[in-house]
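Hi,

Here is the structure I promised to pass on.

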Amino acid sequence: MSTRLGRRGFMEAAAAFSAGLSANLWPAPPASAASAMGFDDARHLLARTSFGVTPAEISALESIDYPVAVDRLLDNPRREAMTPAPAWIGLGPAELRRRQQAAEAERKQGADGKNLDVVRPVQEQGRELKNWWVEEMIVTDQPLVERMTLFWHGHFTSSLMKVRYPGSLFRQNALFRREALGNYATLLKSVARDPAMLIYLDGMRSVARQPNENFARELLELFTLGEGRYGETDVKAAARAFTGWSVDRETGQFMERAGQHDDGEKTFLGKTGRFGGDDILAILLAHPRTAETVVEKLWREFVSLKADPGEVRRLAALFRDGGYEIKPLMRALLHSPAFRDPANRGALIKSPVDLIVGTVHVLGLPVPEKTGLVRMLQGLGQTPFDPPNVKGWAGGESWISTHTLLLRQQFLRRMVEATTVAPMEGGMQMANRPNRRADRREQLPPADGSTMQMMEPPRPVEGRSLRGAGQEARLGPTLAGVDGPLLVRTLLPRQPVDGGDTNGTAGAVVAAALLDTAYQLK
């Protein structure tokens, strides 16, 4: 990607492709069999359902029928993470608070600042938790499950910044993974009782004498009906219905405080009764707009930035009539004409997670310590477990600004320098800064927020680094042995925007493709 392009030029390039201009489309190769989907269909399906695509992964699908490939992606979804849980996961909130208070007191003891390096449990657990999920996204054998877990995390937002109990965020993440392709009604009911959500939206303090409206408002606006589909009286009624739903401060588990519940009569969306929280959820799940809200968000995540109203209504009816089962909805979405339309290939902008995790996966780059990747994600505006607000990440065009374009360029140059020998004019100077603590492998970010310049690059293992290899570029096993044209076609969803020679060394071809504007699209 050229740094001269700028946000406006980038968006114009993306828009030109999304319009389906034939000059920008890869020419379709002749099908080897009537049922074979072919290279480009396979690549597009994987690009939207995975984090990065390798030639081997495309090869495994391109010779089979499209419905079979979709079924393969959706069948037997993993309900538990492959990566072992952090060791502290059983620590209760009361003990965590005690340790945090002790650490804070120790930090304040020395006026000369000698105690600034005291490890604070909440912050350290939060760092480990973020690293844990990035690790899972990289190593998982079912990336669609992780994509859906990330989608639900952005839909049902909670943040470590507010919750300050990493164990509850870990368990919420596990809930999203269990129901990633499960049932939305089950997920919604579980989220309403989820301790992290109750803390984040202040439900744990909502009592009959003083109902808190935060959860009720986001339930209506973000999780179900959408803005403008309800009134303030509905928010107040829902808030009353959820009073008494709380969290045990000792165990961190959900609990109902019957004495704090408002069991009086309420009118909600035109219905009247002595409603509790489950009654409100049942009314919302029966409302047509709930299914449409979910389908619209999934459409923008997997198909295009502009949803087709007719298709949304069709898919939403199937979703609602099917009891809110997510897997059949995703199957219908992936089979929709709009998803397979060539005009929608390369029409979405990669999120920071897509870009960073996907690039590590595609290059087969070993990254033993994930803190650097998490900080890159933070610099680009998508930190796992810390969405910016109750609406989650806006996504779409918001991922791109003049600032984030530069940071994306720097990240990709770093990946190029770690894995290829392609000469890069103006490449970043890597700061070889010594570690000041044995238990921390990354430098703290500078005060001006320029985190990228301070971080050490990921360290490739012996045999993967191509520095000094001259023209005998050796790529990792994910890209080794693939010719130039196929490498470019694997890495880019459309023809290169900035040009590039497919006849050079493999390292040079990969470097040019990663730095091309089209690599920012999926």
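A definition before anything else: I call it a salt bridge when a side-chain nitrogen of Lys or Arg lies within 4 Å of a carboxyl oxygen of Asp or Glu. Two notes on the source: this is a predicted model, with local features needing pLDDT of at least 70 and side-chain atom pairs counting only at pLDDT 80 or more, while totals for chains, interfaces and linings use all residues. Residues are numbered from 1 along each chain as its sequence is written, and side-chain values use heavy atoms, with hydrogens and water left out.

Salt bridges

Searching the whole structure turns up 27 salt bridges. One of them joins Asp354 and Arg147, at 2.4 Å from N to O.

Another salt bridge pairs Glu135 with Lys370, with 2.6 Å between the closest N and O atoms. This one links distant parts of the chain too, 235 residues apart: Glu135 is in helix H6 (residues 121-139), and Lys370 is in the loop between helix H19 (352-363) and helix H20 (371-380). Glu135 counts as partly exposed because its relative accessibility is 23%, whereas Lys370, at 9%, counts as buried.

Aromatic rings

There are 15 aromatic pairs. Rings of Phe, Tyr and Trp (its six-membered ring) pair if their centres lie within 6.5 Å; planes under 30 degrees apart are stacked, over 60 edge-to-face, and the rest tilted. Trp133 and Phe385 make a tilted pair, 5.1 Å centre to centre with 50° between the planes. Trp133 sits in helix H6 and Phe385 in the loop between H20 and helix H21 (402-419), so this pair ties together parts that are 252 residues apart in sequence. Both Trp133 and Phe385 are buried. Phe319 and Tyr324 pair edge-to-face, at 5.0 Å and 70°, and these two are buried as well. Phe319 and Tyr324 also belong to one aromatic cluster whose members include Phe151, Trp152, Phe242 and Trp245.

A charge over a ring

The charged end of Arg340 sits over the ring of Tyr66, 3.7 Å from its centre. To count, NZ of Lys or CZ of Arg must be within 6 Å of the ring centre and within 35 degrees of the ring normal.

The second largest pocket

This pocket holds about 900 Å³ of space. Of its 32 lining residues, Lys297, Arg300, Trp393, Ala394 and Gly395 are the closest to its centre. H7, helix H12 (214-224) and helix H15 (288-302) each give two or more residues to the lining, and H15 gives the most, with six. On a 1 Å grid over the protein atoms alone, a pocket is an open set of points where a 1.4 Å probe fits, with protein on both sides within 12 Å along at least five of seven lines; lining residues have an atom within 4 Å of a point.

Cheers

Terms used. Helix = DSSP H or I, 4+ residues; strand = E, 2+ residues; numbered from the N terminus. Buried < 20%, exposed > 50% of the residue type's maximum accessible area, 1.4 Å probe, protein only. Points joined across faces, edges and corners; volume = space filled by probe spheres on them.
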